[in-house]
Amino acid sequence: MKEVQKVIVAVDGTEGSISAAQAGARLADAMDATLTLLYVYPLVPSQLSGVMHLSKEDFDRMRDAATEEALSAVKSALGDRKPETVTLIGDPAVEILDYLDDRQDVLAVMGRRGQSKFKSLLLGSVSDKVIRHTRTPVTVVT
């Protein structure tokens, strides 16, 4: 494994992702690495267009509002640190996996949402899917 150059924290605005961002910031400091917050908006325009008849502009506004809501609590928990932010659209596990793409110079940090054991077994969690399908090192904060 190459030396870690970037810590990428997947965030969704939950308490778990706030804890993950704080842990990721500490890890980035300890490794002299950059910090990136990665948010995945879990809807795609094609899924909504037939159901809600949204214009692209309406979809963009919805995405931007959801992104701001998810990132605002995380950013305030990080104080005056100004991490890079990346927003993707789609299935969170798939998009995170594509973004990581087996990079060897990054460390991914994720929180757990605290789903019930039954729901986690039935649906699977994003962190579980990422851990199982990437060769990028992942730290899960509980």
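This is a short walk through the structure above, from its overall layout to a few contacts between its parts.

Keep in mind as you look that this is a predicted model. The protein has six helices and five strands. If you trace the chain along the sequence, these elements follow the pattern β-α-β-α-α-β-α-β-α-α-β. Of the 142 residues in the protein, 39% count as buried.

What does Ala 28 touch, leaving aside residues up to four places away in sequence? The answer is Val 7, Ala 33, Thr 34 and Leu 35. Lys 6 is another residue to look for here: Lys 6 and Ala 28 are 22 residues apart along the chain, and their C-alpha atoms are separated by 7.1 Å.

Next, turn to the aromatic rings. The structure holds one aromatic pair, formed by Tyr 41 and Phe 59. Their ring centres are 5.6 Å apart, and with 70° between the planes the pair is edge-to-face. Tyr 41 belongs to strand β2 (residues 34-41) and Phe 59 to helix α3 (residues 56-77), so the pair ties together parts that are 18 residues apart in sequence. Are these two residues buried or exposed? Tyr 41 is buried, with a relative accessible area of 5%, and Phe 59 is buried too, at 3% relative accessibility.

Helix α4 (residues 92-100) packs with helix α6 (residues 126-133) at an angle of about 35°, and their axes are 9 Å apart. The crossing of α4 past α6 is right-handed. On the α4 side, the contact is made by Pro 92, Ala 93, Ile 96, Leu 97 and Leu 100; on the α6 side, Val 126, Lys 129, Val 130 and His 133 take part. Sorted by class, this contact of α4 with α6 has seven nonpolar residues, one polar and one charged.

One last stop involves a ring and a charge. Tyr 99 has the charged end of Arg 103 sitting over its ring, 4.6 Å from the ring's centre.

Note on methods. Residues numbered from 1 in each chain as written. Predicted model: local features only at pLDDT ≥ 70, side-chain atom pairs only at ≥ 80, totals over all residues. Heavy atoms only, no water. Phe/Tyr/Trp six-rings, centres within 6.5 Å; stacked < 30°, edge-to-face > 60°. Helix = DSSP H or I, 4+ residues; strand = E, 2+ residues; numbered from the N terminus. Buried < 20%, exposed > 50% of the residue type's maximum accessible area, 1.4 Å probe, protein only. Lys NZ or Arg CZ within 6 Å of the ring centre and 35° of its normal. Axes fitted to C-alpha atoms, helices over the stretch in contact; angles between N-to-C directions. Left-handed = near helix turned anticlockwise from the far one by under 90°. Contact = heavy atoms within 4.5 Å. Nonpolar A, V, L, I, M, F, W, Y, C, P; charged D, E, K, R; others polar.
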